[in-house]
Amino acid sequence: CPALAQDAPTGGASIYGVLDQYVGSLRRSDQPGRTRVLNSGGMTTSFWGMRGTEDLGGGLRAFFALESFIQADSGTFGRTSADPYFSRNSYVGLGGAYGQLSLGRQTNALYAATGNFNPFLASANLSPVMLQVWNTGYNRAVLGDSVWDNTIQYTSPEMAGFRVSAAYGLGEVADRPGRHNLNLTVNYANGPFAAVISAQQVKVGPGLAAPIASQKAQMAGLSYDFSLVKVYGQYFQTDTPDTRTRTRTAQFGAAVPVGAGRVMASVARTQRDTPLADASRTTAALGYDHYLSKRTDLYAVYLSDRLTGYARRGSLALGVRHRF
Amino acid sequence: CPALAQDAPTGGASIYGVLDQYVGSLRRSDQPGRTRVLNSGGMTTSFWGMRGTEDLGGGLRAFFALESFIQADSGTFGRTSADPYFSRNSYVGLGGAYGQLSLGRQTNALYAATGNFNPFLASANLSPVMLQVWNTGYNRAVLGDSVWDNTIQYTSPEMAGFRVSAAYGLGEVADRPGRHNLNLTVNYANGPFAAVISAQQVKVGPGLAAPIASQKAQMAGLSYDFSLVKVYGQYFQTDTPDTRTRTRTAQFGAAVPVGAGRVMASVARTQRDTPLADASRTTAALGYDHYLSKRTDLYAVYLSDRLTGYARRGSLALGVRHRF
Amino acid sequence: CPALAQDAPTGGASIYGVLDQYVGSLRRSDQPGRTRVLNSGGMTTSFWGMRGTEDLGGGLRAFFALESFIQADSGTFGRTSADPYFSRNSYVGLGGAYGQLSLGRQTNALYAATGNFNPFLASANLSPVMLQVWNTGYNRAVLGDSVWDNTIQYTSPEMAGFRVSAAYGLGEVADRPGRHNLNLTVNYANGPFAAVISAQQVKVGPGLAAPIASQKAQMAGLSYDFSLVKVYGQYFQTDTPDTRTRTRTAQFGAAVPVGAGRVMASVARTQRDTPLADASRTTAALGYDHYLSKRTDLYAVYLSDRLTGYARRGSLALGVRHRF
């Protein structure tokens, strides 16, 4: 057998993922026409992955994850053609009593926080705040990818409800060790209350090409679960000095459990100040997510979007999501 | 751990596939030379996949499949470089007493019917009718892909031997909702007898670029298993109005069980009428498929091909197929 | 369900792989600058794969492997963008008392021998001899890929410690059946002693474009495990007639078990003779590999490199490797 002996495995990977597809009639405020689609990733960006954990004894463990986003409507890997294969995550690490250290391509903590503190969660296509802050079509506020390459990430253990993570993404440019990305995030959770603050400086990634050398972004979010309703709030600010651009984004949302599902409502507004022209965008969504089981749900979302200088346009999506 | 909580899986995927490789000496009638090859996909186009089913209770189930064709002789994904990663299938759906509805990239029912009603089954490289109707090198009769993107497919339950499927593939062109693909297929099975009729109109996919806006295709097939021999017959007609092209393809075949294997013979003939020049192609194959187990077989196939204006040429393939 | 009945699987694949990432400060002798990196594949080139074996009875078995190299620091498949998806291996075969025959894309036996007979094993980035013989950045001595496409490989059973393998890689050029790769390798193992000789002629693959039509390469290696220390030696010679280039590479190395790890040292020197200018390169490495478990280890390696006409430069790598 051609495989080298040193690579002999002893098991330890599980397969998992999410397939999410929806039919929709879509039109962004600044789009010239309306498109009828069958698209992937209404509530969760479809992906498949492998992961595993090994108990090393003495409280130490090794872990890894390889996760590949899928445009499941066409079977294409990645979110766009610019993505690598394991675009969602590709890391290995060690964890123990003092926290965990992981190396590789890893989900950005500011991106994760955006998803965790709005009622549509990580919906990259139907959550107003996810669209305004991270979607290129919506002139995303934050530069750099939502997953960072070449990154060393430390995550602390939970201490009195607090969990701290720090990420350092190397730029790998010869003789330019200062060209890197940094993120510091603090999460807090205490019963029904949760909060996050996240700050980062990016110098590497999408949108970071001349003349733009860097961007700073800060974000705060909180949620409170009143049982009958869970409320969410977020505030983002980004500063891109090379284009003298500042963005400020606010999001308010609520989710109400209804039978085997929940009704979700969220509105996000981004104010973009540039030397040439200021603009503001308001995006709102109202949706219902119905769980057929813990793994499979059906959803309907109406999305409204208006950008300065364009008419308000609406989109509708009806979909199914299945976890495996 | 960077993964978002909402994506936590609970298991439910299995890995499977087919690896099929053959050594061959190949020459199509219209090829200038002969090539000695080690190729992938003699009897089944090699692929790997993941799939799962979840029982939702009350007779309802969720299901998904992600399947990736492989050119296993070189380890390349897809059948050609034009293919996406999960080129064979990428869908999710729900099924119950009233049939099943699936969304995504899905095998075309006319393609499946071509494979089911000839003795070489879905062999994309050695079945005469598969070559003439679906292979670009053989100037395929049917336009559009053999797997459709952005497709909603309904498949009925079996009713008195009949099973109906309807597929609607969205073109996703802004303000052009009428640009889509449609397929309607009826399968019938009753003891040793099986039959199919399939009709479709395609406006999206390979071969459908200006000046060609659409193509209509119809097909009928039947098979009868006399135990000592199983016979197959098929007839296809396609009409491409923008090039005033009509093709008519007929196939006759038989398979005879011999010990742990079966002898297969099939001949297909396509008549192509165009305003410029008519042409006909006759391709025939004789093969033996020997099963070492239910999962592993060895095969030998001789293929003969003749196109109007060219000499008759022969190809030989010897291969192994393994299911996992 | 759209899948064809003949492809129904019955199980038989397992998932496995290696994730290896390191932080490093890298500079090759002929590089203008130093780069700080988080890279993949310090000790083992990261990959994931599927494989399986089926017992066919009577001592016969079927087997397959599909293995995909990963640049795990960015989640990209392949070692470079030139690689196919299953770049590490993609084969199916049959084995029995008379040896095994496999078809597809397969690891080159000369490459495997390079890895088996130096203390850093198959480390493509930190083993001096692997770098000099196989790494493009180090002006690799051997042409053709380290994994061969379209290859028929026979491996004998072990006979009195000897195991012979022969590989024939088809070029698949029309009317040019003589354009192919050939390799013949003999491995010997007897208690603490192991040896290999490998010879090949390549006409297809990377580096084999006009004016270079072919290259011959020979290699001999041996190792002896004295328990307190294991020593390794290798010698390579390549001849590329079309550029009148000859390379000669020698490697000496030793590995010493220390507690749960081992200290590794290796030096390789390549002399390259061409009509224009001769050059020699000396690369040496000293490392320590510490096993946290059979599956997970930490390593530190210092690499020194000097090429004729350039200064000696050093690189340092600290990494973690996890098998799954």
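## Around the axis

Ile15(C) is the residue of chain C that comes closest to the rotation axis, with its C-alpha at 5.1 Å. The model is a predicted one. The axis relates two chains: a rotation of 120° superposes chain C on chain A. The shift along the axis is 0.0 Å, and the RMSD is 0.0 Å. That is how a three-fold axis relates its copies.

The copies meet through different surfaces, because only 10% of the interface residues of chain C are also interface residues in chain A.

Interface size is often quoted as the accessible area lost when the parts come together. Between chain C and chain B, the buried area is about 3900 Å². Carbon and sulfur atoms give 64% of that area.

Six strands of chain C each supply at least two residues of the side that touches chain B: strand 3 (47–57), strand 4 (60–71), strand 6 (89–96), strand 7 (99–107), strand 8 (147–155) and strand 9 (162–170). By residue type, this side of chain C divides into 28 nonpolar, eight polar and six charged residues. In total, the contact takes 42 residues from chain C and 48 residues from chain B.

Salt bridges between chain C and chain B number zero. Polar contacts are present: 11 residue pairs make them, with both residues at pLDDT 80 or more.

## Helix 1 of chain C

Helix 1 of chain C covers residues 109–116. Seven of its eight residues are buried, so the helix is largely enclosed by the rest of the structure. The buried residues are Ala109(C), Leu110(C), Tyr111(C), Ala112(C), Ala113(C), Thr114(C) and Gly115(C).

The N-terminal end of the helix has a cap, Asn108(C). A side-chain oxygen of Asn108(C) lies 3.2 Å from the backbone nitrogen of Leu110(C). Leu110(C) is itself one of the buried residues.

Ser127(C) is buried, and its relative accessible area is 0%.

Leaving aside neighbours within four places in sequence, Ser127(C) is in contact with Asn118(C), Phe120(C) and Leu121(C). With one of these partners, Asn118(C), the side chain of Ser127(C) makes a polar contact of 3.0 Å. The Asn118(C) end of this polar contact is also a side chain.

Definitions and conventions: Residues numbered from 1 in each chain as written. Chains lettered and ligands numbered in written order. Predicted model: local features only at pLDDT ≥ 70, side-chain atom pairs only at ≥ 80, totals over all residues. Heavy atoms only, no water. Least-squares fit on C-alpha atoms with pLDDT ≥ 70 in both. Contact = heavy atoms within 4.5 Å. Buried area = accessible area lost by both parts, 1.4 Å probe. Salt bridge = Lys/Arg side-chain N within 4 Å of Asp/Glu carboxyl O. Polar contact = N/O pair within 3.5 Å; in protein donor to acceptor, adjacent residues only side chain to side chain. Helix = DSSP H or I, 4+ residues; strand = E, 2+ residues; numbered from the N terminus. Nonpolar A, V, L, I, M, F, W, Y, C, P; charged D, E, K, R; others polar. Buried < 20%, exposed > 50% of the residue type's maximum accessible area, 1.4 Å probe, protein only.
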